[in-house]
Amino acid sequence: MINNRIKQAKFQLSQHKTQGVNSSLSIFEVAKLMDTVKKGEEINHSKGQSIFFSLN
C-alpha cells in the first residue's frame with residue numbers, strides 16, 4: 001500500500017517536472033507529494049529495524 005502511494009507520487013512529480021509551468025499542480029501539492037516520497041521511503045527503510053516493547 002505504501003509502495004503504491006510512493007510510486008504514484010513519484011509519477012505525478014515526474015509529470016509535473018516534464019510539464020513545467022504548464023503543470024496544474026500547486027506548490028503545496030508538489031510539497032505534499034515530495035513529503036509522501038520522503039516519508040514513505042523512510043518507513044520502508046525502517047521496516048527491518050523493528051522495536052518491540054513489553055508492557056507489564
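This is a predicted model: local features need pLDDT of at least 70, side-chain atom pairs count only at pLDDT 80 or more; totals for chains, interfaces and linings use all residues.
Me: What makes up the secondary structure of the protein?
Reply: The secondary structure consists of two helices and zero strands. Helix 1 spans 2–19 and helix 2 spans 27–46.

Me: Why is Ser23 called buried?
Reply: The relative accessibility of Ser23 is 15%, and buried means under 20%; Ser23 therefore counts as buried. Ser23 is placed in the loop between helix 1 and helix 2.

Me: What makes the pairing of Ser23 with His16 a polar contact?
Reply: The side chains of Ser23 and His16 make this contact at 2.6 Å.

Me: Why is Ser24 called exposed?
Reply: Ser24 has a relative accessibility of 70%, and exposed means over 50%; Ser24 therefore counts as exposed. Ser24 also lies in the loop between helix 1 and helix 2. With residues up to four places away in sequence not counted, Ser24 touches Gln19 and Glu29.

Me: How do you know that Glu41 and Lys10 form a salt bridge?
Reply: The closest N and O atoms of Glu41 and Lys10 are 3.0 Å apart. The limit is 4 Å between a side-chain nitrogen of Lys or Arg and a carboxyl oxygen of Asp or Glu, so this pair qualifies as a salt bridge. The pair links distant parts of the chain, with Glu41 in helix 2 and Lys10 in helix 1, 31 residues apart. A search of the whole structure finds one salt bridge. In general, side chains of opposite charge can pair when their charged atoms come close.

Me: Why is Arg5 called exposed?
Reply: Arg5 has a relative accessible area of 55%, and the threshold for exposed is over 50%; Arg5 is therefore exposed. Arg5 belongs to helix 1. Arg5 and Val37 are separated by 32 residues in sequence and by 8.0 Å in space, C-alpha to C-alpha.

Me: Which residues make up the largest nonpolar core?
Reply: This core has five residues, namely Ala9, Leu13, Val30, Leu33 and Val37. Helix 1 and helix 2 are the elements that give two or more residues to this core, and helix 2 gives the most, with three residues. In soluble globular proteins, nonpolar side chains tend to be buried together.

Me: What is in contact with Leu33, leaving aside neighbours within four places in sequence?
Reply: Leu33 is in contact with Ala9, Gln12, Leu13 and Leu25.

Me: How much of the protein counts as buried?
Reply: Of its 56 residues, 14% count as buried. The accessible surface comes to about 5,200 Å², and 58% of this area belongs to carbon and sulfur atoms.

How values were computed. Residues are numbered from 1 along each chain as its sequence is written. Side-chain values use heavy atoms; hydrogens and water are left out. A nonpolar core is a set of buried Ala, Val, Leu, Ile, Met, Phe, Trp, Tyr and Cys residues joined through side-chain atoms within 4.5 Å. Buried means under 20% relative accessible area, exposed over 50%, partly exposed in between (1.4 Å probe, protein chains only). Helices (H or I, at least four residues) and strands (E, at least two) are DSSP runs, numbered from the N terminus. Contact means heavy atoms within 4.5 Å. A polar contact is a pair of N or O atoms within 3.5 Å; within protein, one must be able to donate a hydrogen and the other to accept it, and residues adjacent in sequence count only if both atoms are side-chain atoms. Accessible areas come from the Shrake-Rupley method with a 1.4 Å probe; for residues, only the protein chains shown count as cover.
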